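Here is a short tour to read beside the model. Please keep the viewer open as you go.

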Amino acid sequence: MRRLTLQTRLTASYGLLFGIAGAVMVAILALALRFLPDYDFSRTVHLDESDIVTAEQGVPPSNDLFAIASRDDLIRVVLLVSITALALVVAATILLGRRLARRLLQPVRDVNTAAQKAGAGDLSHRIGATGPRDELRELADTFDAMLARLQAHVEANRRFAANASHELLTPLATTRTTLQVMRAESDDAETAEYAAILADANDRSIDITRRLLELARLEQPRTLADEADLAALLDEALGEHRAAAEAERLTITVDAAQAPIPCDRVLLRQLLSNLIGNAVKHNHEGGHIDIRLRTESGTALLDIANSGAVLDPADLANLFEPFHRVDPRTSSDRGHGLGLAIAEAIVRAHHGTIKAKANPEGGLTIQVALPLT
């Protein structure tokens with residue numbers, strides 16, 4: 001059932017309250033008329049176009065709606081006029097009340113618009129309310145100030161992550177070169193073995209740093225200038241991981257409908273590759289991956305379900321946080337806990353949503369919703 005808007009409820013309240021007050025006034029008026037003296041209304045003069053006659057001369061009772069020949073006629077006429085006037089005034093009150101409610105609630109709508117933009121990742125929008133400094137104006141100004149502080153905080157974190165990651169890459173690359181030279185020129189087997197271990201750790205650090213730099217880059221606002229069929233990109237991403245899936249004897253089923261969406265093609269391709277890669281990596285031998293892509297109400301809905309270990313739904317609350325792993329014992333060769341964080345950033349950049357659901361029989365289902373073109 002569709003709920004009434006606040007504007008409609010305010011308008012209805014104005015009309016209802018005014019109607020009740022008017023009805024009470026009419027009832028009081030009718031009650032007061034009952035206590036009027038009983039004048040001899042039979043001698044009331046009736047005006048005609050040709051002459052003036054009185055009821056005493058035997059003129060038949062008038063059919064005029066507003067003719068008054070008794071106290072009951074007077075009450076009837078007064079009530080008729082009062083109710084007609086009340087209906088007109090109530091109608092005018094509803095029309096004017098609707099305009100007034102719309103004007104009063106405009107700051108609330110502006111705050112809602114700003115909140116929706118902020119929820120979609122746009123922290124640069126400001127309400128800029130004008131008019132008298134009342135409670136609604138103060139609410140809008142407070143919301144603008146909050147957005148400004150939040151934007152400054154987020155941008156500072158982005159700059160820090162980007163700068164720190166960039167600065168770390170140079171010494172890590174130098175360390176990798178040094179270790180490669182040590183391994184190549186060392187005659188000591190033990191030294192070469194240690195150098196190989198350090199080189200692997202250094203490569204993982206480089207990979208993490210690059211992913212952090214990528215995550216910071218994804219958080220920047222961007223324009224979606226391309227348009228692509230999500231089904232076609234999905235097929236490309238599947239081809240990238242098909243060999244790994246065959247090595248684990250995984251069964252992949254795909255049910256994909258065409259879904260053209262506005263996008264950054266490179267990022268969207270990376271999103272699908274990350275999700276399918278996770279489904280292959282966190283699976284068990286002989287398991288399955290079920291992929292379904294459909295369109296509904298202007299939205300592309302992608303579900304990627306994989307088999308695997310039984311997961312506690314409570315562990316999924318922070319699944320998209322950087323460095324979070326459902327199983328903390330997971331070795332670093334199975335990921336750094338950044339894949340889904342990057343996936344969420346890409347989905348957010350495309351004005352979509354992503355969520356995870358634990359399958360009762362084991363494994364995970366990732367659900368992505370992206371707006372169609």
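Predicted model: local features only at pLDDT ≥ 70, side-chain atom pairs only at ≥ 80, totals over all residues.

Residues are numbered from 1 along each chain as its sequence is written, and side-chain values use heavy atoms, with hydrogens and water left out.

Let us begin with the overall picture. The protein has seven helices and nine strands; helices (H or I, at least four residues) and strands (E, at least two) are DSSP runs, numbered from the N terminus. Of its 373 residues, 33% count as buried. Here buried means under 20% relative accessible area, exposed over 50%, and partly exposed in between, with a 1.4 Å probe and protein chains only. The protein exposes about 23100 Å², and carbon and sulfur atoms supply 58% of that area; accessible areas come from the Shrake-Rupley method with a 1.4 Å probe, and for residues only the protein chains shown count as cover. Among contacts with a separation of 6 or more, 69% join residues 24 or more positions apart, where contact means heavy atoms within 4.5 Å.

Now to the helices. Helix H7 (residues 339–349) is largely enclosed by the rest of the structure, because nine of its 11 residues are buried. Among them are Gly339, Leu340, Ile342 and Val347. After H7 comes His351, with a positive phi near 60 degrees.

What does the side chain of Asn202 reach? At 3.0 Å lies the backbone oxygen of Leu172. Apart from neighbours within four places in sequence, Asn202 is in contact with Leu172, Thr175, Arg176 and Leu179.

Finally, have a look at the strands. Strand S5 (residues 260–263) pairs with strand S3 (residues 226–229) in the antiparallel sense over four bridges; two strands pair if DSSP finds at least two bridges between them. Glu227 has Pro262 of S5 as its bridge partner. Which residues of S5 make up the covered face, and which the uncovered one? Ile261 and Cys263 form the covered face, whereas Pro260 and Pro262 form the uncovered one. In a regular strand, side chains alternate between the two faces of the sheet.

Definitions and conventions. Polar contact = N/O pair within 3.5 Å; in protein donor to acceptor, adjacent residues only side chain to side chain.
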